[in-house]
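Thanks for making the time this morning.

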Amino acid sequence: MASTALEIIAFTVSISGWVLVSSTLPTDYWKVSTIDGTVITTATYFANLWKMCVTDSTGVANCKDFPSMLALDGYIQACRGLMIAAVSLGFFGSIFALFGMKCTKVGGSDKTKAKIACLAGIVFILSGLCSMTGCSLYANKITTEFFDPLFMEQKYELGAALFIGWAGASLCIIGGVIFCFSISDNNKTPRMGYTYNGPTSVMSSRTKYPGGEGDFKTASPSKQFDKNAYV
């Protein structure tokens, strides 16, 4: 019962993390920069893995997609690959988790379901690590440019998508670890066993007489033969 509850908790946490990680891909605010005027903000620049946008003081946003994938910076290409891998791994991890949980009717025997649940946990951990690496790589590039005094171009700050990605990655890793620990709880479940009492003793074939407790006598033959019986 405890392992089933752990699996349900792990599935809920992992799916929540996977949803958060997936939501970061279409989110615009991976990095943000503003240009302030005397009274109001005159322009807001923001970008994600696919495009770069600017919003003026009237609230009108103009976006421009990155022209060529091969002309992109290496860190953007790496972040794209890591985030897509994280989403894909989370999808397959959710499928494995549905087959491996005890509360479902598919997946085979309990031993087989335990192995599938452990595999789901490992896949969710890999998904979380991919997302964590992608967001951290993007954030490292932003902070490096921001604190570089020789960098003269537009400087950006960390956007909301990075924090969402970190939160989702943490939930995926936590859920995957709980899935793996639920296997050890299954191994501690006591098994039904049968005791072996050994072969039947020869004493059980003897006749017990009521003359005394524990007094066993063997039945004597009813017919006596003398020494000339076989002559």
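**Helices and cysteines**

Over residues 116-139 the chain is 100% helix and 0% strand, with the end C-alpha atoms 35 Å apart, helices being DSSP runs of H or I of at least four residues and strands runs of E of at least two, numbered from the N terminus. This is a predicted model, in which local features need pLDDT of at least 70 and side-chain atom pairs count only at pLDDT 80 or more, while totals for chains, interfaces and linings use all residues. Residues are numbered from 1 along each chain as its sequence is written, and side-chain values use heavy atoms, leaving out hydrogens and water.

How do the axes of helix α2 (residues 74-100) and helix α3 (residues 110-146) cross? They come within 8 Å and cross at roughly 160°, the axes being lines fitted to C-alpha atoms over the stretch in contact, with angles from 0 to 180 degrees between N-to-C directions. α2 and α3 are therefore roughly antiparallel to each other, a term for angles over 145 degrees.

Turning to the cysteines, the structure holds one disulfide, that is, a pair of cysteine sulfur atoms within 2.5 Å. Cys53 and Cys63 form this disulfide, with their sulfur atoms 2.0 Å apart, and the torsion about the S-S bond is about 110°, so the disulfide is right-handed. Cys53, at 3% relative accessibility, counts as buried, whereas Cys63, at 45%, counts as partly exposed; buried means under 20% relative accessible area, exposed over 50%, and partly exposed in between, with a 1.4 Å probe and protein chains only.

Methods
Angles under 35 degrees count as roughly parallel, over 145 as roughly antiparallel, 65 to 115 as roughly perpendicular and the rest as oblique.
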